[in-house]
Amino acid sequence: MKNTILTLEQKKREGDKITMLTAYDYSTAKLMDESGVNCILVGDSLGNVMLGYDSTLPVTMEEMIHHAKAVSRGTKNALVVADLPFMSYQVTVAEAVRNAGRLIKEGGAHTVKLEGGKEVCPQIRAITQASIPVMAHLGLTPQSVHSLGGYKVQGRETDAARKLLEDALAVEEAGAFSVVFECIPAALATWITGLLHIPTIGIGAGNGCDGQVLVYQDMLAMYGNTPAKFVKQFAAVGDIMKDAFRAYIQETKNGAFPAQEHTYKIDDATVNAVKREYEEGGLGVRKDG
Ligand code: KIV
């Protein structure tokens, strides 16, 4: 079944959990879509896990569009959400609408995501009015890593918890169709989820959210670093890949690969006829003699 912003709202109403995973390329998106995930997020985590940057800050619109295109080509039923990268929406509302439009028109995404609360409500309102659904993102917002002083749990103190609630109500009021809660205490996320009409998607926010999202390299143990507390590694794909790469190297070196079944055949008579012609000088002569 095709996932849309309406089917996600319905899932919230019916208490049916929403599943979202990140993807950045065609083949991974296709596997996820075939597995039945509801939403695929072309996250700006692309910067860390695909492009090797040390944060999401350097990610450009061109990079987001390039990867969104590949993901949307691999997706039939999942709702594709693409991140607006750092500085593509903060400067002016007009720029935010233009860049959101590019992710839809050029990238093939269905919706966009941006980070922030009250301060980005004018952008959420304007992008939504341009008929582009917006997913908001609160709590630990990686694009604000320097102003947050690092990647830390958010909303633990009274002021911070109050601000989180106010921001969640504000983004809903501005027209966001959903909101990501990243790295906030579970009790707070659960309570705010109950207050909101729009679905909340948690990452490090406990199981009281309406859905969950994980970065796929984290949940498949492919990224190679110590996972954050909120990550569950559902398979050791990194180890499986390394074992396969090592087996390939070994079998190539010892001649076990390619075997007969990986090899195309030709009649001996055909090869021998061409060999004879060559040896008799009837075919091309090599420059080195
Ligand atoms: O970029 C990303 O992958 C994200 C998720 C962590 C929600 O924003």
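A polar side-chain atom of Asp-83 comes 3.1 Å from a ligand oxygen, a polar contact here being a pair of N or O atoms within 3.5 Å. Keep in mind that this is a predicted model, where local features need pLDDT of at least 70 and side-chain atom pairs pLDDT 80 or more, while totals for chains, interfaces and linings use all residues. Residues are numbered from 1 along each chain as its sequence is written, and side-chain values use heavy atoms, leaving out hydrogens and water.

Here are the side-chain contacts to ligand oxygen atoms.

| Residue | Distance to a ligand oxygen |
|---|---|
| Asp-44 | 3.0 Å |
| Asp-83 | 3.1 Å |
| Lys-113 | 2.8 Å |

On its own, the ligand has 260 Å² of accessible area, and the protein covers 96% of that (Shrake-Rupley method, 1.4 Å probe). Residues surrounding the ligand, each with a heavy atom within 4 Å of it, include Thr-22, His-137, Glu-182 and Val-215. By class, this shell has three nonpolar, four polar and four charged residues, with Asp, Glu, Lys and Arg counted as charged, Ala, Val, Leu, Ile, Met, Phe, Trp, Tyr, Cys and Pro as nonpolar, and the others, Gly among them, as polar.

Now for the backbone. Cys-183 has phi near 55°, a positive value in a non-glycine residue, and sits in the loop between strand S6 (178-182) and helix H9 (186-195). The Phe-257 to Pro-258 peptide bond is cis, with omega near 0°; Pro-258 is in the loop between helices H11 (237-254) and H12 (268-279). Helices (H or I, at least four residues) and strands (E, at least two) are DSSP runs, numbered from the N terminus. Most residues other than glycine have a negative phi, and most peptide bonds are trans.

Key. Polar contact = N/O pair within 3.5 Å; in protein donor to acceptor, adjacent residues only side chain to side chain.
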